[in-house]
Amino acid sequence: DAAALAGASSRADKAEEEARVSAEVAKQREAATLAAEQSARRAALQDEEDDAQEEDEVPLPGKEREMLPVTHEVTLQAHEKCITAMGLDPKGVRMVVGGMGG
């Protein structure tokens with residue numbers, strides 16, 4: 001019965017090896033799925049950042065009215081202190097400002 005015992009031992013070893021390989025394949029699939037999910041999240045975040053950057057862009061010539069508010073207030077991002085004087089050229093294309101920031 002040594003042959004039967006050796007056969008049973010061989011089958012058990014083979015089953016253990018198959019289980020180990022199956023577990024390794026499952027780990028690799030899980031890692032690949034996780035990597036794909038992370039990549040998708042990064043792509044979505046990048047799209048959101050791109051959209052936010054597009055909103056902050058300077059308008060094209062002739063499209064300024066679409067970007068500037070039509071009110072008595074405007075925030076000029078280039079200045080940190082109060083603007084006390086502003087002038088426009090006759091066509092309204094160029095603006096000159098002066099203020100507390102120098």
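I counted three salt bridges, taking a salt bridge as a side-chain nitrogen of Lys or Arg within 4 Å of a carboxyl oxygen of Asp or Glu. I noted that this is a predicted model, where local features need pLDDT of at least 70 and side-chain atom pairs count only at pLDDT 80 or more, while totals for chains, interfaces and linings use all residues. I also wrote down that residues are numbered from 1 along each chain as its sequence is written, and that side-chain values use heavy atoms, with hydrogens and water left out.

I looked up Glu17 and Arg20, whose side chains meet in a salt bridge at 2.6 Å, N to O. Both sit in helix 1 (residues 2-55), and because they are three residues apart there, about one helical turn separates them; helices are DSSP runs of H or I with at least four residues, strands are runs of E with at least two, and both are numbered from the N terminus. Glu17 is partly exposed at 38% relative accessible area, where buried means under 20%, exposed over 50% and partly exposed in between (1.4 Å probe, protein chains only).

I then found Glu37 in a salt bridge with Arg41, their closest N and O atoms being 3.9 Å apart. Glu37 and Arg41 are four residues apart in helix 1, so about one helical turn lies between them.

My last pair was Asp89 with Arg94, where the closest N and O atoms are 3.9 Å apart. Asp89 is partly exposed at 22% relative accessibility, whereas Arg94 is exposed at 61%.
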